[in-house]
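Keep the viewer open as you read.

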Amino acid sequence: MDIKIRNVSTQVANEIDKIAKDEGISQNTLYNKIISDYVKSRDDFVVNILPPIVRALVNQELDRLSEGANSTINNVYIAAQKMINTTEKIENLLTETITNSEENSITDEEILRILEISDKESS
């Protein structure tokens with residue numbers, strides 16, 4: 001069947017021509033595709049079923065991302081707590097070492113060993 005389309009603006013006609021060239025197809029083939037796709041999209045089944053499916057998929061993905069974010073937040077919180085505990089231990093150790101600097105001389109290895117032991121005790 002032949003269909004004639006009248007009163008198409010020059011801008012739209014030029015855009016159709018550009019799209020057809022980019023796709024490597026004729027203008028006629030492109031017009032057929034546009035009309036066919038439009039008719040298919042007007043099918044009530046597609047129009048009615050697609051939004052709930054998309055909504056369900058989006059909600060499912062949002063739930064998955066939310067769970068991952070909560071897990072990450074918990075891991076960051078635990079790491080921050082461990083860093084705070086380690087900082088307090090270092091602060092206490094250094095304060096004691098500075099206060100008793102004449103009596104004690106502690107090495108870096110000893111500090112690390114004390115931190116390892118206290119970390120094992122708190123775990």
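## Salt bridges along the helices

Asp 17 pairs up with Lys 21 in a salt bridge, their closest N and O atoms sitting 3.5 Å apart. (A salt bridge here is a side-chain nitrogen of Lys or Arg within 4 Å of a carboxyl oxygen of Asp or Glu.) Because they are 4 residues apart in helix H1, Asp 17 and Lys 21 are separated by about one helical turn. Asp 17 is partly exposed at 26% relative accessibility, while Lys 21 is exposed at 62%. For these labels, buried means under 20% relative accessible area, exposed over 50%, and partly exposed in between, with a 1.4 Å probe and protein chains only.

Asp 37 and Lys 33 make another salt bridge, at 3.0 Å between the closest N and O atoms, and they too are 4 residues apart, in helix H2. Over in helix H4 (residues 108-122), Arg 113 and Glu 116 are 3 residues apart, about one turn, and their salt bridge has its closest N and O atoms 3.6 Å apart. The count comes to 5 salt bridges.

## What kind of model this is

This is a predicted model, where local features need pLDDT of at least 70, side-chain atom pairs count only at pLDDT 80 or more, and totals for chains, interfaces and linings use all residues. Residues are numbered from 1 along each chain as its sequence is written, and side-chain values use heavy atoms, with hydrogens and water left out.

## The fold and its buried part

The protein chain has 4 helices and 0 strands; helices (H or I, at least four residues) and strands (E, at least two) are DSSP runs, numbered from the N terminus. Buried residues make up 7% of the 123 residues. Ala 20, in helix H1, counts as buried because its relative accessibility is 2%. The C-alpha atoms of Ala 20 and Leu 30 are separated by 6.2 Å, with the two residues 10 apart along the chain.

## A nonpolar patch

Where is the greasy surface? A nonpolar patch of about 950 Å² is made by residues including Met 1, Ile 3, Ile 5, Ile 35 and Tyr 38. Patch residues have over 30% relative accessible area and no salt bridge, with like charges joined within 9 Å and nonpolar side chains (Val, Leu, Ile, Met, Phe, Trp, Tyr) within 5 Å. Areas come from the Shrake-Rupley method with a 1.4 Å probe; for residues, only the protein chains shown count as cover. Helix H2 (residues 27-41) gives the largest share, 4 residues, whereas Ile 5 sits in the segment before helix H1 (10-23).
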